[in-house]
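Please have the sequence and the model open beside you.

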Amino acid sequence: MDTNARSRLRIPVIAAVATFALHLVGNPHYGFFRDELYLIICGQHPQWGYVDQPPVTPLLSAATQLFGHSLILLRAVPAFFAGAAVYVTCLLAGELGGGAFAQILGALCVFFSPVLMNFGMKVSPDTPGLWLWPLAALYTLRLAKGADARGWLAVGAAMGVCLQSKYTVVFFLAALLLGLLLTAERKLLFSGWFVAGCALCGLIALPNFLWQAHYGLPMLELLRNAVHGKNILVGPVQYCLQQILINNLFLSLVWIIGLGWLLWNARLRFLGYAYVILMAVMVVLHGKHYYPADVYPYLIAAGGVAIETWTQRWKALKPVLATAAVLLGLVFLPFAMPILPEEGMVAYQERLFGMLHVSRQSVATEHGRMAPLPQDWADMHGWPELAATVASVYRSLPPADRAQAAIVASNYGEASAIDFFGRPFNLPPVISGHNQYFLWGTHGFSGNVIIDVAGDCGASQHLFASAERAAVFSSPWVMPYEDGIPIMVCRGIQKPLAELWPSVKAYR
């Protein structure tokens, strides 16, 4: 093996280790994200599924907290998947015929893509797909190039595990299969090993689908509610523009070139078709802009190969392009990795969006007033303080009231934060009607004494004989709807809590 070949083999490993290390240093700042707290609490109640997600990321999240609270250990999980995504991107570039430069450019663009960096920064259901979507594309590409048909088992395993993390992979898998059907590579599907791969995928995912069926498919109810009220719906043009923005306004040129290059190459066209079909489905179903983002590593790898091919005669241009990718990537780094102090982040955000003449609303995915910080950063603030405020109210109750007091939260963020940070205060388990908390029920509380977080003791229904505001929680960096929220004490419930419980369900 010559020196260049050995170098190209080392690049994926070096790139993956560097990505992991950079994420490990940059990820654990500010605090636990709202959804991370919810994932941890869900994972501490092991099940085959949850109202709003499959079980993989909750279980991974809870495992990192077995020996106490650790933001570093939690954020090491997405750092690993970010490194794995960069590794597979380099392999994809090599499989597509690229050399060292294609691998390096692909690794840089995947690392600096804001949406992919965000997936590698905090734990979310999208995090495993950061590695598994491009891994499935890699194995499918190898099959198209003549690899052993048993590779379908690897594709099935990757997709099955991914289905146990987030359901949107169904659309990627369908798009990939349709892409094959629309090209000469459809012959790959006429194989017993393809059937075996599908069966393996279904077998891995089956427990969660059975769980969803047992509880009446709550995920479908949640998605319907989100589309009809919570989420911002955009048209096809704006959705496509969002794809450019979330992948870095400047570096998106690489994946766009990659898409064109794949569509131009007859043997690789199925991968280009898969992306186009996936985008069409997302637009029709009003998916959030980040739902299909795990698909971009293979487009970026293809773009790196195309650019490498075009610059063969101008080798001096390659280091210039790589340097430009780093500099342009650094521009958006503070939006995907929490490296700036709060005041500095607000100032940087205002200056950059002003220079680009881009509205923050253009990349928003939900209705509601925005915080000074980006939403992800805002949702990493205030949770320990909220738990401490609730604990002070709980401790102030007379012993007889405290013995029967239930803590009710309006959403899973508040509920999981109080559960997670409230344990040193010996608080009772929080109850809520929001998503998975609804299925966990009332924990046997009568409801006669309730600490109502961000509620009004059901004033419009006159649910309680008395209600008093015991405290107000405020924090300067939280989302607006979490700032200035009342902590109420409600006494003398007019109807048993168990009877009221079905009416509090909020799947959204």
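The accessible surface of the protein chain comes to about 21,200 Å², and 66% of it belongs to carbon and sulfur atoms; such areas come from the Shrake-Rupley method with a 1.4 Å probe, and for residues only the protein chains shown count as cover. Keep in mind that this is a predicted model, in which local features need pLDDT of at least 70 and side-chain atom pairs count only at pLDDT 80 or more, while totals for chains, interfaces and linings use all residues. Residues are numbered from 1 along each chain as its sequence is written, and side-chain values use heavy atoms, with hydrogens and water left out.

**The chain as a whole**

The protein chain holds 23 helices and 4 strands; helices (H or I, at least four residues) and strands (E, at least two) are DSSP runs numbered from the N terminus. Along the principal axes, its C-alpha atoms fill a box of roughly 80 × 55 × 45 Å.

Of the 508 residues, 56% count as buried, where buried means under 20% relative accessible area, exposed over 50%, and partly exposed in between (1.4 Å probe, protein chains only). Among contacts with a separation of 6 or more, 76% join residues 24 or more positions apart; a contact means heavy atoms within 4.5 Å.

**The second largest pocket**

What lines the second largest pocket? There are 28 lining residues, of which V408, D452, G458, L463 and V504 lie nearest its centre. The elements that give two or more residues to this lining are β1 (406-409), β2 (449-453), β4 (485-493) and α23 (497-500). β2 gives the most, with 3 residues.

The lining divides into 16 nonpolar, 8 polar and 4 charged residues. Here Ala, Val, Leu, Ile, Met, Phe, Trp, Tyr, Cys and Pro count as nonpolar, Asp, Glu, Lys and Arg as charged, and the others, Gly among them, as polar. About 590 Å³ of space lies in this pocket. On a 1 Å grid over the protein atoms alone, a pocket is an open set of points with protein on both sides within 12 Å along at least five of seven lines, and lining residues have an atom within 4 Å of a point. Grid points are joined across faces, edges and corners, and the volume is the space filled by probe spheres set on the points.

**Some individual residues**

N448 lies in the loop between α22 (436-440) and β2. Leaving aside residues up to four places away in sequence, N448 touches Q404, C490, R491, G492 and I493. The C-alpha atoms of N448 and G492 are 5.0 Å apart, although 44 residues separate them along the chain.

Two residues have a positive phi without being glycine: N435, at about 50 degrees, and A454, at about 65 degrees. Most residues other than glycine have a negative phi. N435 sits in the loop between α21 (412-421) and α22, and A454 in the loop between β2 and β3 (464-473).

The table gives relative accessibility.

| Residue | Relative accessible area | Class |
|---|---|---|
| N435 | 1% | buried |
| A454 | 28% | partly exposed |
| N448 | 30% | partly exposed |
| A21 | 36% | partly exposed |

A21 lies in helix α1 (residues 3-26).

Note on methods. 1 Å grid on protein atoms, 1.4 Å probe; cavity = no way out; pocket = protein on both sides within 12 Å on 5 of 7 lines; lining within 4 Å.
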